[in-house]
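The following paragraphs guide a new reader through a predicted model. They take up salt bridges, a sheet and a surface patch in turn.

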Amino acid sequence: MKSISLITIFYLFCLTTFGQGTLRGKITDESGETLIGVTIVLKANRSVGTITDFDGNYSLKIADANPQTIIISYISYAEIEETVTIKGGEVLVKNFVMKSASKAIGEVQITAKAVKSKEYFVEAIKRNSAVTLDFISSETMKKTGDANVTAAIARVSGVSTNAGFITVRGVGDRYIKTAVNGSVIPTLDPFTNNIKLDLFPASLVDNILITKTASADIPGDWSGAFLSVETKDYPDELNINFETSFGYNNQSTFKDVITSKKSDSEWLGYDNNLRDFDHSKYVAS
């Protein structure tokens with residue numbers, strides 16, 4: 001039994017050693033440079049495989065004498081499939097040249113839209129500006145509850161209003177210029193450039209910039225201040241703003257007060273003939 005076992009073991013050893021074929025070679029790119037770490041596996045059994053060494057050489061043992069398909073893959077290179085047939089104990093030398101796999105990617109455009117109504121937007125303009133300027137944003141207008149541009153701009157330091165007109169540092173009239181979205185607003189009065197900004201509701205304005213020193217990017221026919229009003233852009237989608245308020249008089253609301261007799265219909269605007277006056281009693285006979 002011992003001799004049979006030794007013979008069987010020796011037979012299997014020979015079958016395993018001399019029955020396997022070997023596929024070896026070198027893998028390079030199109031320029032002739034060797035590729036390190038290229039994966040070579042059997043398509044039928046991907047657990048059988050190898051990789052190239054530092055010189056681009058590979059060696060793969062194949063036990064089956066039937067035709068086998070090998071797959072050669074590497075990052076950024078086109079995959080190669082090759083069918084080889086190796087007899088038992090045979091060594092097949094096969095070199096491969098891998099081609100770069102290029103894939104065109106469509107154009108990517110990234111667009112961003114600045115939110116001009118926010119405090120940080122106009123604060124950045126003031127910080128990076130070489131001239132002296134003040135501002136008020138739509139975000140601040142919402143907090144203060146101003147109804148129009150005149151009421152909002154009066155909150156800026158050094159700005160005051162007189163009968164609806166703007167005065168900056170005590171200077172007004174023809175020394176003030178106003179522009180809306182970069183276009184200077186003309187006036188009908190030849191003796192003044194100042195206009196009443198209460199025409200513009202605060203809900204339609206993003207920000208107001210007040211330039212107090214001359215700059216090359218704005219007109220120079222002023223000396224007091226140059227007001228730049230930026231209106232809101234056309235919205236990309238439907239926006240609905242809803243505002244409400246509630247108030248009461250703590251001296252009269254929800255308290256009993258002295259009043260005259262009322263009818264049930266007075267909340268509709270008439271008294272249901274409760275206060276009719278009889279004229280016949282006062283007509284002279």
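**Salt bridges, sheet and surface patch**

Asp134 and Lys212 are both buried. These two residues form a salt bridge, with 2.6 Å between the closest N and O atoms. Because Asp134 belongs to strand β9 (residues 133-137) and Lys212 to the loop between β14 (205-211) and β15 (225-231), the pair ties together parts that are 78 residues apart in sequence.

The loop between β14 and β15 also holds Asp221, while Lys177 lies in strand β12 (residues 176-180), so this pair ties together parts 44 residues apart in sequence. The side chains of Lys177 and Asp221 meet in a salt bridge of 3.2 Å, N to O. Lys177 counts as buried at 12% relative accessibility, whereas Asp221, at 43%, counts as partly exposed. Salt bridges with shared partners also join Lys126, Asp134 and Lys212 into one network. Across the whole structure, a search finds seven salt bridges.

Another salt bridge brings together the side chains of Lys94 and Glu82 at 3.6 Å, N to O. Lys94 is in the loop between β7 (91-93) and β8, and Glu82 is in strand β6, 12 residues apart.

Ile105 is exposed, with a relative accessible area of 75%.

Definitions and conventions: Residues numbered from 1 in each chain as written. Predicted model: local features only at pLDDT ≥ 70, side-chain atom pairs only at ≥ 80, totals over all residues. Heavy atoms only, no water. Buried < 20%, exposed > 50% of the residue type's maximum accessible area, 1.4 Å probe, protein only. Salt bridge = Lys/Arg side-chain N within 4 Å of Asp/Glu carboxyl O. Helix = DSSP H or I, 4+ residues; strand = E, 2+ residues; numbered from the N terminus.
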